[in-house]
Amino acid sequence: MSHMGRIARQTALLTAAQFLGLAVSLIGTVIVTRSLGPEGRAVYAWLLTLVGMAIQLALVAPPPVVRAIAVSSPPSLPATLATLCVAGALLTAPLALYVLLDETIGRASRPYLALAWLAVPVTATTLALNTLVQISDRTRPILLVHVGPRVVQIALIAALAATGRLDLTAAIAVFVLTSVVELSFAVACLPGTLGSWRPSLSLMRAALALLGAGWLSALAIFSIPRIGLIVLGSHAPLEATGRYSVALTLQEAALVAPVALGGVLITHVGKHGRVGRRMRNRGGLLVLGISVVSCSLAAFLATEFVTLTFGAAFAPAAGPFRLLLISVVLATCYQLCQTLLYNRGRPLPIVAPSVAACSVALATALIAIPRLGVPGAILSNVLGFATLAAVGFVFARRPR
């Protein structure tokens, strides 16, 4: 099979698995959102967004870096990654303190903080191990780790909703329990060659140099779209925050394909070397064209989709979602550059685009959201991804 054929197949498999998992998960999200209403959804989304950022802090071995170092598949890699992630959970204390100190939406979130934070070390470890499953390029395990836990999750949510017990505490408890189920699936689906459960100190030391740059980059990229929601929670009514969180959830679903493409390209280059410029340009234009067409279709159907799935109370989320789709196209542009940045193995090209983008998103959010509300959050999101794509392109164009 040709280079482009392998890349297309692996990207399609990973994207399909993640979309299938998201589709199942979306049913649960809809049930939770309808049960909690705009205000309850605001607290739920705000707190779990901070939990998500904490997971990224704890994820000292993010997927792009795991892909870059896992080519030789050392047997002790799973245990080493798990050890790094559990230790990384100690870095999340400042975010938990932020919840305790915030006197607006944080006050409503405090009763659920300890329960929600249990998912941090578990999910960070799961994300690292899931990457090893994805690298194996085995269809059944990849589908299983993405879909299996979501089926369990939706079964629990449906049962709670049917009995009238799906409140905020129950929804967060299901989130934590699902993280444990995800870890169990990831461990069960690891390739047989990764059989040692004793961490390797030498491997840990050898990996940390690359992990540092990759960790900071992954954390910054993860934070770009979510900064706006966190700041919005302290400056807007709960109803507005809850509706914007729905638009952000849909944007995250749309980002699955670009992220899958970037991960596959990093693995492919590590195993087979870089493809030629002509093939890379043709493939890049094709992927970008598909992204533009898909986002245009999503924008056209946004109002009907949001109203039918989440309910009339969340219909205003369609407008922000349309604008957030601009960021999806920009993220696709960056993913096409990311492979070159990781392939060069130097920290600055890996870190600079994401840190610059995160800084722009944060500055925009702090200035614009207190004045504009939801439009300020949208502006923070789009400008952050625009910076990511622009700076990534500049570094990718530089000679080695």
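Trainee: Among contacts in the protein chain between residues at least 6 apart in sequence, what share joins residues at least 24 apart?

Mentor: The share is 86%. Contact here means heavy atoms within 4.5 Å. The model is a predicted one, in which local features need pLDDT of at least 70, side-chain atom pairs count only at pLDDT 80 or more, and totals for chains, interfaces and linings use all residues. Residues are numbered from 1 along each chain as its sequence is written, and side-chain values use heavy atoms, with hydrogens and water left out.

Trainee: How many helices and strands does the protein chain have?

Mentor: The protein chain has 16 helices and zero strands. Both are DSSP runs numbered from the N terminus: helices are H or I over at least four residues, and strands are E over at least two.

Trainee: Why is Thr 29 called buried?

Mentor: Its relative accessible area is 18%. Buried means under 20%, exposed means over 50%, and partly exposed lies in between, with a 1.4 Å probe and protein chains only. Thr 29 is therefore buried. Thr 29 lies in helix α1 (residues 3–58) and touches Arg 41 and Phe 310, not counting residues up to four places away in sequence.

Trainee: What makes Thr 49 count as buried?

Mentor: Thr 49 has a relative accessible area of 10%, so Thr 49 is buried. Thr 49 also lies in helix α1. Leaving aside neighbours within four places in sequence, Thr 49 is in contact with Arg 226, Leu 229 and Ile 230.

Trainee: How do you know that Cys 295 counts as buried?

Mentor: The relative accessibility of Cys 295 is 10%, and Cys 295 therefore counts as buried. Its place is in helix α13 (residues 277–310). Cys 295 touches Leu 325, Val 328 and Val 329, not counting residues up to four places away in sequence. The C-alpha atoms of Cys 295 and Ser 327 are separated by 9.9 Å, the two residues being 32 apart along the chain.

Trainee: What percentage of the residues of the protein chain count as buried?

Mentor: Of its 400 residues, 55% count as buried.

Trainee: Why is α7 called roughly parallel to α9?

Mentor: The axes of helix α7 (residues 119–135) and helix α9 (residues 168–188) come within 9 Å and cross at roughly 30°. Such axes are lines fitted to C-alpha atoms, for helices over the stretch in contact, and angles run from 0 to 180 degrees between N-to-C directions. Angles under 35 degrees count as roughly parallel, over 145 as roughly antiparallel, 65 to 115 as roughly perpendicular, and the rest as oblique. Therefore α7 is roughly parallel to α9. The contact includes Val 122, Leu 129 and Val 133 of α7 and Phe 175, Val 180 and Leu 183 of α9. By class, its residues divide into ten nonpolar, five polar and one charged. Nonpolar covers Ala, Val, Leu, Ile, Met, Phe, Trp, Tyr, Cys and Pro, charged covers Asp, Glu, Lys and Arg, and polar covers the others, Gly among them.

Trainee: What makes α7 roughly antiparallel to α8?

Mentor: The axes of α7 and helix α8 (residues 139–162) come within 8 Å and cross at roughly 150°. It follows that α7 is roughly antiparallel to α8. Asn 130, Val 133 and Gln 134 of α7 make the contact with Pro 141, Ile 142, Val 145 and His 146 of α8. This contact has four nonpolar, three polar and no charged residues.
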